[in-house]
Amino acid sequence: MNADKLYDAGLSCPYCGHHIHVSIDASAGDQDYQDECRACGADIHLLVKLDEVNDKILVRVASDDENYY
């Protein structure tokens with residue numbers, strides 16, 4: 001995984017189901033942030049985890065009202 005490259009992740013909005021793309025900046029390490037659905041405008045909670053052992057970027061998507069444990 002090249003840490004200075006942007007990666008494109010395709011995902012579905014947990015509110016309206018619209019398929020959207022987000023850019024993941026691997027140089028920022030693990031991330032926890034909000035992005036807006038371009039279709040319905042709802043805030044989508046994104047958790048990004050870099051798995052350097054398996055050379056993968058894992059993206060977890062949730063609606064803003066879901067809890068993480």
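**Salt bridges and exposure**

Author: D35 is partly exposed, its relative accessible area being 21%. Buried denotes under 20% relative accessible area, exposed over 50%, and partly exposed the range in between, using a 1.4 Å probe and protein chains only. This is a predicted model, in which local features need pLDDT of at least 70 and side-chain atom pairs count only at pLDDT 80 or more, whereas totals for chains, interfaces and linings use all residues. Residues are numbered from 1 along each chain as its sequence is written, and side-chain values use heavy atoms, leaving out hydrogens and water.

Reader: With which residue does D35 form a salt bridge?

Author: A salt bridge is a side-chain nitrogen of Lys or Arg within 4 Å of a carboxyl oxygen of Asp or Glu. Here the partner of D35 is R38, at 3.9 Å from N to O. R38 is exposed, with a relative accessible area of 57%.

Reader: How many salt bridges does the structure hold?

Author: There are two. K49 pairs with D30, and their closest N and O atoms lie 3.5 Å apart. This pair links distant parts of the chain, 19 residues apart: K49 belongs to strand β4 (residues 43-51), and D30 to the loop between β2 (19-25) and β3 (31-36). Both K49, at 46% relative accessibility, and D30, at 45%, are partly exposed.

Reader: What secondary structure does the protein chain have?

Author: Helices (H or I, at least four residues) and strands (E, at least two) are DSSP runs, numbered from the N terminus. The protein chain has zero helices and five strands.
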